[in-house]
Amino acid sequence: MDKGMLAECRHLLDHGMPQEVRTTFDADRRYLPLALDRSGEGGAVAVLSERNGGPMIMVHLFKKRGGDWEHRGGGGGGTIGYPLADRAPAKNPEDYLRCPGNGGVLMNPEHRLPWTGWYLRHAELTASAEVRRVRVRGRLIDVPFHGFLIVVWSGGRAPEVEALGDDGQVLTTLDVSGPTLH
């Protein structure tokens, strides 16, 4: 992982997303912050990176240890279109909120058996233009103009995410335990 990107991810976890969102890459900095979430000792940051001539969304997972954010792993994949564009309205209720991907990292690697370990998990979400915020286990997360969100949790059961409209009413609820492919 690029040291500059790692430092920026830690800064974002401590201070939040910047008020002004950049939408183009700089010549010396080939990544842009997209989204972040924190829950307990865990945190996740999604960045848009330019690799091999195309945009790639990368998610990095962190654990708070001794006041610092320790990088625990991450990964990414290509994206169909350039994600830093205004989001489209939903064509039907299933389009309000989608989960194109999720993953996790083992936080206590001394546990060799998967069912005995503690995992930090994340889900990538895309929200339509009607969604103002999402609610995850009591946390409210504002939806940025581009509609890409990241949700992080620890424990075995994935949370349900509620998509909220401008009036605060629930538009839809989504189980983020697996990708939604509709």
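User: Is Arg98 buried, partly exposed or exposed?
Analyst: Arg98 is partly exposed, with a relative accessible area of 25%. Keep in mind that this is a predicted model.

User: And what does Arg98 form a salt bridge with?
Analyst: With Asp95; the closest N and O atoms of the two are 2.4 Å apart.

User: Is Asp95 buried or exposed?
Analyst: Buried, at a relative accessible area of 16%. The cut-off for buried is under 20%, so Asp95 falls on that side of it.

User: How many salt bridges does the structure hold?
Analyst: There are 7. One of them is between the side chains of Arg139 and Asp37, at 2.5 Å from N to O.

User: Why does Asp37 count as buried?
Analyst: Because its relative accessibility is 5%, and buried means under 20%.

User: What about Arg65, which residue does its side chain meet in a salt bridge?
Analyst: Glu70, at 3.5 Å from N to O. Arg65 is partly exposed at 44% relative accessibility, and Glu70 is partly exposed too, at 28%.

User: Changing topic. What does the secondary structure come to?
Analyst: The protein has 1 helix and 11 strands. Going along the sequence, the pattern reads α-β-β-β-β-β-β-β-β-β-β-β.

User: How do the strands of a sheet pair, in general?
Analyst: Through backbone hydrogen bonds, and the pairing can be parallel or antiparallel.

User: OK, so which strands form the open sheet here, and in what order?
Analyst: 4 strands form an open sheet, ordered 8-7-10-11, with antiparallel pairing. Strand 8 and strand 11 (170–175) are at the edges; each has a single partner strand, so one side of each has no neighbour in the sheet. From one strand to the next, the twist averages 25°.

User: Over how many bridges do strand 7 and strand 10 pair?
Analyst: Over 4 bridges, in the antiparallel sense; strand 7 covers residues 133–136 and strand 10 covers residues 160–164.

User: Which residue in strand 10 does Arg135 stand opposite?
Analyst: That would be Glu162.

User: Now Ser154. Where is Ser154 found?
Analyst: Ser154 is in strand 9, which runs over residues 148–154. It's partly exposed, with a relative accessible area of 33%.

User: Which residues does Ser154 touch, leaving out those up to four places away in sequence?
Analyst: Trp118, Tyr119, Leu120 and Arg137.

User: And how far apart are Ser154 and Gly43?
Analyst: They're 111 residues apart in sequence, and their C-alpha atoms are 9.9 Å apart in space.

User: Zooming out, what share of the contacts with a separation of 6 or more comes from residues 24 or more positions apart?
Analyst: 54% of them.

User: How much of the protein counts as buried?
Analyst: Of its 182 residues, 41% are buried.

Notes
Residues are numbered from 1 along each chain as its sequence is written. This is a predicted model: local features need pLDDT of at least 70, side-chain atom pairs count only at pLDDT 80 or more; totals for chains, interfaces and linings use all residues. Side-chain values use heavy atoms; hydrogens and water are left out. A salt bridge is a side-chain nitrogen of Lys or Arg within 4 Å of a carboxyl oxygen of Asp or Glu. Buried means under 20% relative accessible area, exposed over 50%, partly exposed in between (1.4 Å probe, protein chains only). Helices (H or I, at least four residues) and strands (E, at least two) are DSSP runs, numbered from the N terminus. Contact means heavy atoms within 4.5 Å. Two strands pair if DSSP finds at least two bridges between them. Axes are lines fitted to C-alpha atoms, for helices over the stretch in contact, and angles run from 0 to 180 degrees between N-to-C directions.
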